[in-house]
Each structure stands twice: as C-alpha cells, then as structure tokens.
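Please keep the 3D view open as you read.

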Amino acid sequence: RKEYVDLYVNYVFNKSVQKPFEDFMQGFLRGCPARNWKIFLPEELQVLLQGHTTFDWHLLEKNVIYGHYKKSDQTIRNFWTVFHELPEEKKKMFLAFLSGSDRITGCGLECFTFWIVDPRVENPDESSPCSSTCVRILFLPR
C-alpha cells in the first residue's frame, strides 16, 4: 500500500504536470532569464511578483496628497479616524477599491502615494466616495 500511495502521489504532483510545467518554464525563461532571478531569495521574489501583504497603515496616511483638502479638515480627520478603526480585512478592501489590488508593489508603502480629492459636487450628501484606480485618487465628498 505504501508503495502504491507513494507512486500515486508522485504521479499526481510530479509526472502529470511535468510537460505543462516544462512548457511554462521555457516560456518564462525566454522572457525572464534565470540569471536575473538568481539574485533574489525566494521570499524576496514572492514580494516582488505578488506584492506586500502586511502594512503600516499610519505610513499610508502619511503618504497621502490632498486636493482641495487640508490634513486638518474635519472630513479628512473623520475619514482617518474611521479608517484606523476598521478591521484589517476591511482596510485591504479599501486598498483594493483605491488601487485595484489589496497588495502593495515590491517597493512597499514608502513609495505608495495616493490622492484624496474633494470632487466639489453641488450636493455632497447625495454623492458617494469613488476612486480612479489607475492614478490612485479617492474622490471623497465633504
């Protein structure tokens, strides 16, 4: 039985995917030669390709640029008060709403900036926050 299980596991995890994996690897190495990737540890490569998954949310707050707002405006203070009270999962959902991804690129939060802009709508009570993910702008009505 042990030999059967070992052979079956080897087939499922190794032999059955060997050809598709070799094809993938050949195409990947054509675009990204192995010598370029050998300088990274596996953890560093994962962050580079997938992005960071843990964040210092206060650093995110420091990197914001305000348009038609000041950091001291009541709307901005209320926004950050509510934001910092959110659970981690909701903060990541906000990040996805803002940027299109719940992860930060390999550079980290130090390089991640976004705008909070007053859309200057006629009746702010009838407007909802919206974002432009391409340029990371949060349109936050007063």
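Strands E2 and E4 pair in the parallel sense over three bridges. Pairing here requires that DSSP finds at least two bridges between two strands, and the helices (H or I, at least four residues) and strands (E, at least two) are DSSP runs numbered from the N terminus. Before going further, note that this is a predicted model, in which local features need pLDDT of at least 70 and side-chain atom pairs count only at pLDDT 80 or more, while totals for chains, interfaces and linings use all residues. Residues are numbered from 1 along each chain as its sequence is written, and side-chain values use heavy atoms, with hydrogens and water left out.

Within this part of the sheet, Val117 stands opposite Phe139 in E4. Stepping back, you can see an open sheet of four strands in the order E1-E2-E4-E3, with mixed pairing. E1 and E3 are its edge strands, each pairing on one side only. On average, and with direction ignored, neighbouring strands of this sheet are turned by 25 degrees against each other. Such angles run from 0 to 180 degrees between N-to-C directions, with axes as lines fitted to C-alpha atoms, for helices over the stretch in contact. Helix H6 lies across E1, E2 and E4, and runs at about 125 degrees to E2.

Now look at Val64, which sits in strand E1. Is Val64 buried or exposed? Val64 is buried, at a relative accessible area of 9%; buried means under 20%, exposed over 50%, and partly exposed in between, with a 1.4 Å probe and protein chains only. Leaving aside neighbours within four places in sequence, Val64 is in contact (heavy atoms within 4.5 Å) with Trp80, Phe114 and Ile116.

Next come the charged side chains. The structure holds four salt bridges, each being a side-chain nitrogen of Lys or Arg within 4 Å of a carboxyl oxygen of Asp or Glu. Which residues does Arg142 bridge to? One partner is Asp73, with the closest N and O atoms 3.7 Å apart. Arg142 lies in the segment after strand E4 (137–139) and Asp73 in the loop between strand E1 (64–67) and helix H6 (74–85), so this pair ties together parts that are 69 residues apart in sequence. Arg142 is partly exposed at 43%, whereas Asp73 is buried at 18%.

Arg142 also forms a salt bridge with Asp118, where the closest N and O atoms are 2.6 Å apart. Asp118 lies in the loop between strand E2 (114–117) and strand E3 (130–132), 24 residues from Arg142. With a relative accessibility of 9%, Asp118 counts as buried. Through shared partners, salt bridges join Asp73, Asp118 and Arg142 into one network.

Another salt bridge joins the side chains of Asp23 and Lys19, at 2.9 Å from N to O. Both residues lie in helix H2 (residues 18–31), four residues apart, about one turn of the helix. Asp23 is partly exposed at 40%, and Lys19 counts as exposed at 53%.

Finally, turn to helix H1 (residues 2–13), where you will find Tyr4. Tyr4 is exposed, with a relative accessible area of 59%. The C-alpha atoms of Phe13 and Val64, 51 residues apart along the chain, are separated by 46 Å.
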